[in-house]
Amino acid sequence: MKFMKLGSRPDTFYTSEAVRSVSSEVSSDLIVQVKGSRYLLHKFPLLSKCSRLQRLCSESPETSQHHIVQLPDFPGGVEAFELCAKFCYGITVTLSAFNIVAVRCAAEYLQMTEDVEKGNLAYKLEVFFNSCILHGWKDSIVTLQSTKEFPLWSEDLGITSRCIEAIASKVLTHPSKMSLSHSYSRRERDDESCNGAESRRHKPPGRGWWAEDMAELSIDLYWRTMIAVKSGGKIPSNLIGEALKIYADRWLPNISRERHVNKQVASDSDSDSDSTFEITSRQRAILEAIVSLLPAEKGAVSCSFLLKLLKAANILNTSSSSKMELARRVALQLEEATVRDLLIPSISYANSSVYDVDLVITILEQFMLQGQSPPTSPPRSKLGFERRRSRSAENIDLEFQESRRSSSASHGSKLKVAKLVDGYLQKISRDVNLPLSKFIALAEAIPYFSRLDHDDLYRAIDIYLKAHPDLNKSERKRLCRTLDCKKLSVEACMHAAQNELLPLRVVVQVLFFEQARAAMGSGKVTELPSNIKALLAAHNIDPSRPTTALSTTTSIPADDQWSVSGFRSPKSKVSTLRMKMAEDDLDESDLQSEGLGRTSKFKAFCALPTRPKRMLSKFLSINRNSSEKN
């Protein structure tokens, strides 16, 4: 840190009865009042260097033997005035980056310029500022930060703009050509003390060495400085993003839903409401400024960091434009996100949902809109209430149409996002207050071709059914509409076949496709009987389009793991189906229109080919043996 000393006389100022005076053989003839403090001084040394005091003394009447001058709006307060007064008396004063702004503003206020006397204080301060302060990295940072106490004066004197230009030019300079930052140098010394001098000798200075020191700036000064750095065009976007992350970690720590709740409670107290509101407003301004500084290039910041900003924006209730900008940027690299990143706390007290699902739906919509061409088919209802056919019956039609809606997002990224959304559905499905409409909206936001298998989706549906046991038949049908039984693995099919919470239609589809897969695996495919075809037609099932089952590797809690121990009893699937046939008349009208009642439906199901010795043939044969013995 640079410093400058002016004057040579010893300090002779003293305080007597709350009045500051200077030791002198000459009696004082000037009283100066600065923000509640009184000074007994002499006209000659002060008026010879301060044009403003000359004018004020000439305008004010002399009372007894003292002139009284009032300086109520003096910049820098009593400390800055006393330094200026000591300079007039020739008393030694020390100037540095910590007090140069206050003294410079005070000298300008007192009009201590060259017009009054050559070599006056304002001139000396300008020389020191230009030759020393602006040439040092830490001096420039400290000086710029101190300008926030005198924003208008600093702007008028050009102190703020010159500091910003100096800092930006140093950031754009290679660190080997200048002294490193204070924080960076301190970290290097710590490394040297722990690992020896060799570690420092072979470790070149990082390209982002400037970020931590700049993080000490207030947000308005930081924003202006970063704009100057970005306009230089020499700093890579990823370094800009890293600097923004450091600043966010410094000024937006530990923002959570609990803190928001505590803020609401604290707001009920008059003593805390003002300070809480001030803190929230400052943090909101910081976040919105960071969003405006985000580099335009994709990948400049991580998706995890963007989602943290979005969580904070949701809690701090920032502007809708900031939220939408963050949602758009998250969508550009959504495949990098994790399920934990998407768990955005809900702050809406209109409902008691744990997570903000609407925000995730918005992100998914932005993801699907990346470079999207005009749709080739009428848009689907957002919540899917208007669709009458089952999802499995529409797969063939929609697969081609949705594949044509190709965007700038690659096919691989869509596959990753599909897995991400299914994992997210599993997490939020445990929320008993999660509306069915939002679950369906999330499930249907993913194109059909993006899900290579439906095991994770089925797992999410199963969790939702367990957490919401009061769903009626119609709601369970709507919940399972997106599920494609042909894309379930063997393990998932075995679980679904005895899942008493599933609609009957889904159980029938699962059993049929598992039987068809078994027949194809044995290489002995037979023509289906007419009654089976009628049953499949009633359920809008197309058996001519088999798919290969793919297993999933998603990690799930133990409570939600599928257990297949019950399948060792061949009667389990029959009993499950019989129970569902007895209590679920979900599709009775459809089957009766084809001349099939519920009894004929079960008979038609039991008439499936028994040659492949797999799941259905095994339990059907054992069931026949037991009935014959009886």
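This is a predicted model: local features need pLDDT of at least 70, side-chain atom pairs count only at pLDDT 80 or more; totals for chains, interfaces and linings use all residues.
Residues are numbered from 1 along each chain as its sequence is written, and side-chain values use heavy atoms, with hydrogens and water left out.

**View 1. Arg 517 and Glu 514 in helix α26.** A salt bridge (a side-chain nitrogen of Lys or Arg within 4 Å of a carboxyl oxygen of Asp or Glu) joins these side chains, at 2.7 Å from N to O. Both sit in helix α26 (residues 504–522), three residues apart, about one turn of the helix; helices are DSSP runs of H or I with at least four residues, numbered from the N terminus. Glu 514 is buried at 9% (buried is under 20% relative accessible area, exposed over 50%, partly exposed in between, with a 1.4 Å probe and protein chains only).

**View 2. Glu 325 and Arg 329 in helix α17.** Here the salt bridge spans 2.8 Å, N to O. Glu 325 is partly exposed at 22%, whereas Arg 329 is buried at 11%.

**View 3. Asp 462 and Lys 466 in helix α23.** Four residues apart in the helix, these two meet in a salt bridge of 3.2 Å, N to O. Asp 462 is buried at 1%, and Lys 466 is partly exposed at 42%.

**View 4. A salt-bridge network.** Asp 11, Arg 20, Glu 82 and Lys 86 are linked here. The model's count is 23 salt bridges.

Methods:
Helices (H or I, at least four residues) and strands (E, at least two) are DSSP runs, numbered from the N terminus.
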